[in-house]
Amino acid sequence: MKAGEKNILIGIVVFMAVVMAYRTFVISRDGGDKGIPFYSTASKELQNEALLLMKKLKCRDCHTLWTQRNIMKTVPSPPLDGIGSLRDEEWFFNYFSAKDPQAILASRLKPEFRMPSYVALQEDQRRLLAKYMGSLKVEDWYLEETKKKEYEKLTGKKYTP
Ligand code: HEC
């Protein structure tokens, strides 16, 4: 190995060490890695019942929940994690009870990918789903960061809350 090549190699190693040290000490200290920011206020019982029904109805064919979805399907639907920080139980109940959910939330997708109507479900099942959706929260800092990123991506302007 020539001396020049050796210097380049040493340069790369030093650079990487600095980047790693920066990530470890600076980013993590001010909270760069805070883990999954989602949580639920539901009781174990409510959660078990709701997840069982959602499994039967295949909600995860289209939606991410607890960061997981059916990877064989590719419908670009909104994730359900944290959704209860954006809307409330009553909204969810009306949405699941609508004959035409797209009248409430417009869709740009092909009809087969859109949110189906669940008006045919029993009322207590729609209430169960609505209650569980309302319990799916997201930490405030994550919501703020997401809003900020969306805003800056869409407008190209700096976000000021
Ligand atoms: C065929 C795919 C599909 C299935 C199955 C499906 N959804 Fe959806 N869902 C969507 C799409 C797409 C949207 C966004 C609105 C639209 O395009 O119709 C949506 C929207 C929603 C919303 C509103 C999200 C928001 O941004 O406020 C909730 C809540 C929801 N779905 C819950 C459920 C639940 C609970 C189930 C199972 C009972 C379910 N979905 C099953 C595709 C689906």
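Predicted model: local features only at pLDDT ≥ 70, side-chain atom pairs only at ≥ 80, totals over all residues.
Local features here need pLDDT of at least 70 and side-chain atom pairs count only at pLDDT 80 or more, while totals for chains, interfaces and linings use all residues. Residues are numbered from 1 along each chain as its sequence is written.

**View 1. Two domains.** The protein splits into domain 1 (1–33) and domain 2 (38–155), with bounds from an automatic or database domain assignment. Taken over C-alpha atoms, their centres are 42 Å apart.

**View 2. Helix H3 against helix H4.** Helices are DSSP runs (H or I, at least four residues) numbered from the N terminus. The axes of H3 (residues 89–97) and H4 (residues 123–135) come within 8 Å and cross at roughly 140 degrees; axes are lines fitted to C-alpha atoms over the stretch in contact, and angles run from 0 to 180 degrees between N-to-C directions. On the H3 side, the contact (C-beta atoms, placed from the backbone, within 7 Å) is made by Glu89, Phe92, Phe93, Phe96 and Ser97. The residues of this contact divide into six nonpolar, two polar and four charged.

**View 3. Helix H2 against helix H4.** Here the axes of H2 (residues 44–56) and H4 come within 10 Å, crossing at roughly 115 degrees. Leu46, Gln47, Glu49, Ala50 and Leu53 in H2 meet Gln125, Leu128, Leu129, Lys131 and Tyr132 in H4.

**View 4. Around the ligand.** The ligand is surrounded by 26 residues, counted when the C-beta atom, placed from the backbone, lies within 6 Å. The closest are Cys59, Cys62, Ser107, Arg114 and Met115.

Terms used: Helix = DSSP H or I, 4+ residues; strand = E, 2+ residues; numbered from the N terminus. Contact = placed C-beta atoms within 7 Å. Nonpolar A, V, L, I, M, F, W, Y, C, P; charged D, E, K, R; others polar.
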